[in-house]
Amino acid sequence: MKLDSLDIIITVFFDTKRRHDVDNQVPKFLLDSFTESGFIVDDDEKHLHSLTLKTGYDKENPRTEIEVITYD
């Protein structure tokens, strides 16, 4: 897709309410793989304008959701 102007919101839903470090849940290799695969042009500040990391709780359905917002 070669997206070149975007924001990314990553939300990790845990199955427990114990303490979690949100920055430990989203490894750097995720953004690097987006670049290597050609999904985004690069994960530098020229292309990726913001990266938001969030957490949530869902005992029945723990998961990670990735939202990509693109700009023309």
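Which residue's side chain does the side chain of serine 5 join in a polar contact? Here are my notes on that and a few other spots.

1. **How to read the model.** This is a predicted model, where local features need pLDDT of at least 70, side-chain atom pairs count only at pLDDT 80 or more, and totals for chains, interfaces and linings use all residues. Residues are numbered from 1 along each chain as its sequence is written, and side-chain values use heavy atoms, with hydrogens and water left out.

2. **Serine 5.** The partner is histidine 49: the two side chains are joined by a polar contact of 2.9 Å. A polar contact is a pair of N or O atoms within 3.5 Å; within protein, one must be able to donate a hydrogen and the other to accept it, and residues adjacent in sequence count only if both atoms are side-chain atoms. Serine 5 lies in the segment before E1. (Helices are DSSP runs of H or I with at least four residues, strands are runs of E with at least two, and both are numbered from the N terminus.) Serine 5 counts as buried because its relative accessible area is 17%; buried means under 20%, exposed over 50% and partly exposed in between, using a 1.4 Å probe and protein chains only. Leaving out residues up to four places away in sequence, serine 5 touches His47, His49, Ile69, Thr70 and Tyr71. Touching, or contact, means heavy atoms within 4.5 Å.

3. **The nonpolar core.** Have a look at the largest nonpolar core, which has 9 residues: Leu3, Leu6, Ile8, Ile10, Leu30, Leu31, Phe34, Ile40 and Leu48. E1 and H1 are the elements that give two or more residues to this core. (A nonpolar core is a set of buried Ala, Val, Leu, Ile, Met, Phe, Trp, Tyr and Cys residues joined through side-chain atoms within 4.5 Å.) Try clicking on leucine 31: apart from neighbours within four places in sequence, its contacts are Ile8, Ile40, Asp43, Leu48 and Leu51.

4. **An aromatic pair.** How many aromatic pairs does the rule give? The count is 1. The ring centres of phenylalanine 34 and phenylalanine 39 are 5.2 Å apart and the planes meet at 65°, so this pair is edge-to-face. For the rule itself, rings of Phe, Tyr and Trp (its six-membered ring) pair if their centres lie within 6.5 Å; planes under 30 degrees apart count as stacked, over 60 as edge-to-face and the rest as tilted. Phenylalanine 34 is buried at 14% relative accessibility, while phenylalanine 39 is partly exposed at 23%.

5. **Serine 37.** This residue lies in helix H1 and is exposed, with a relative accessible area of 56%. A polar atom of the serine 37 side chain lies 3.4 Å from the backbone nitrogen of phenylalanine 39. Serine 37 is 12 residues from histidine 49 in sequence, and their C-alpha atoms are 19 Å apart in space.

6. **Salt bridges.** Side chains of opposite charge can pair when their charged atoms come close. The structure holds 4 salt bridges, each being a side-chain nitrogen of Lys or Arg within 4 Å of a carboxyl oxygen of Asp or Glu. One of them joins arginine 19 and aspartate 21, with the closest N and O atoms 3.0 Å apart. Arginine 19 is exposed at 66%, and aspartate 21 is partly exposed at 30%. Another links aspartate 32 to lysine 28, again with closest N and O atoms 3.0 Å apart; both residues lie in helix H1, 4 residues apart, or about one turn of the helix.

7. **Arginine 63.** Glutamate 65 and arginine 63 form a salt bridge too, where the closest N and O atoms are 2.7 Å apart.

8. **Lysine 2.** Most residues other than glycine have a negative phi. Lysine 2 isn't a glycine, yet its phi is positive, about 55°. You'll find lysine 2 in the segment before E1, where it is exposed with a relative accessible area of 53%.
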